[in-house]
Amino acid sequence: MTANTMTRRLSIFPLTGAVLFPGMQLPLHLFEPRYRALVSDALIRDRQIAMIQPQSPVEGAPLYKVGCIGKIGEVQAMEDGRYNIILEGTARFRLVRELDVATAFRQIEAEVYAEDEDETLSHAQRGGFEREARRFADMQGYSVDWDSVERLDDRSLINGVSQIAPFDPASKQALLEAETLTDRCELLVQLMQFYGRTDGSEEITTLQ
C-alpha cells in the first residue's frame with residue numbers, strides 16, 4: 001500500500017471467505033434483509049460496497065484490518081427483494097474504527113489507499129510465478145488456458161489468481177494485505193508450494 005490515503009465512511013458486507021481484489025470481480029447473492037438494504041442504499045448513493053472478512057463467523061465479530069471497496073456493476077433485482085450483483089474491486093482500505101449507526105448493516109471509517117496500477121513484476125518474477133502456477137495447476141488437476149494467462153498484465157494475473165485460488169480465508173487475507181504486487185506474488189508462490197504438497201485427501205477451504 002502507498003502512503004497516500006484518505007479517510008472515508010464505508011458500508012460493509014462482512015463475509016468469511018469472500019475476498020475481493022482491486023481490478024477483479026466478485027459475484028454475490030444477497031438475501032438477508034440487512035444486506036438487501038445495503039444494496040438498495042448503495043444503488044441510490046455511489047454504488048459502492050466494502051467487502052471485509054470478519055475474524056470469526058460469529059454475528060458482530062471483530063473485523064480484519066484490510067478489505068476492498070467494490071463498485072456494483074451488473075445488478076439483478078428479484079421480485080422478492082433479493083439481489084444478484086457483481087462487484088468490481090476498486091481499491092483496498094484499512095479499517096480505522098467501526099461506527100455506531102442506526103442502519104441494519106455495519107459501517108466503518110477507513111483509510112482508502114490509492115492503488116498503483118502501473119506496478120509491474122520483473123521478468124524473473126513473472127517467469128518464476130508462471131512456472132510455479134503451472135506446477136500447481138498440474139498437481140491440482142486444473143485445466144488452464146495458458147495462452148490467455150500469458151496475455152494478462154501482471155496486476156490482473158496476480159490479483160486474479162489470489163482471488164480464485166483454493167486457499168483458506170486467512171491465506172487470502174494475507175494476500176490482500178500484501179503491501180506491493182511483488183510482495184503478493186512472492187506470497188502467492190509460497191502458498192502454491194504449500195498447498196501443492198497436499199495429496200487430495202486433505203480438505204481445503206475454497207473461496208466459493
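1. Arg-47 counts as partly exposed, because its relative accessibility is 27% and the class covers what lies between buried, under 20% relative accessible area, and exposed, over 50%, as computed with a 1.4 Å probe on protein chains only. This residue sits in the loop between helix H1 (33–44) and strand S3 (48–52), where helices (H or I, at least four residues) and strands (E, at least two) are DSSP runs numbered from the N terminus. Although Arg-47 is not a glycine, it has a positive phi of about 65°. Most residues other than glycine have a negative phi.

2. On provenance, this is a predicted model, in which local features need pLDDT of at least 70 and side-chain atom pairs count only at pLDDT 80 or more, while totals for chains, interfaces and linings use all residues. Residues are numbered from 1 along each chain as its sequence is written, and side-chain values use heavy atoms, with hydrogens and water left out.

3. Taking a salt bridge as a side-chain nitrogen of Lys or Arg within 4 Å of a carboxyl oxygen of Asp or Glu, the count comes to twelve salt bridges. One of them joins the side chains of Arg-97 and Glu-109, with an N to O distance of 2.7 Å. This pair links distant parts of the chain, since Arg-97 belongs to strand S5 (residues 83–98) and Glu-109 to strand S6 (residues 107–113), twelve residues apart. Arg-97 is partly exposed at 46% relative accessibility, and Glu-109 is also partly exposed, with a relative accessible area of 22%.

4. Which residue forms a salt bridge with Arg-126? The partner is Glu-130, and the closest N and O atoms of the two are 2.6 Å apart. Both residues lie in helix H2 (residues 123–140), where they are four residues apart, or about one turn of the helix. Arg-126 is buried at 12% relative accessibility, and Glu-130 is buried at 15%.

5. A further salt bridge is formed by Arg-135 with Glu-132, whose closest N and O atoms are 2.5 Å apart. Because these two residues are three residues apart in helix H2, they are separated by about one helical turn. Arg-135 is partly exposed, with a relative accessible area of 45%, whereas Glu-132 is buried, with a relative accessible area of 5%.
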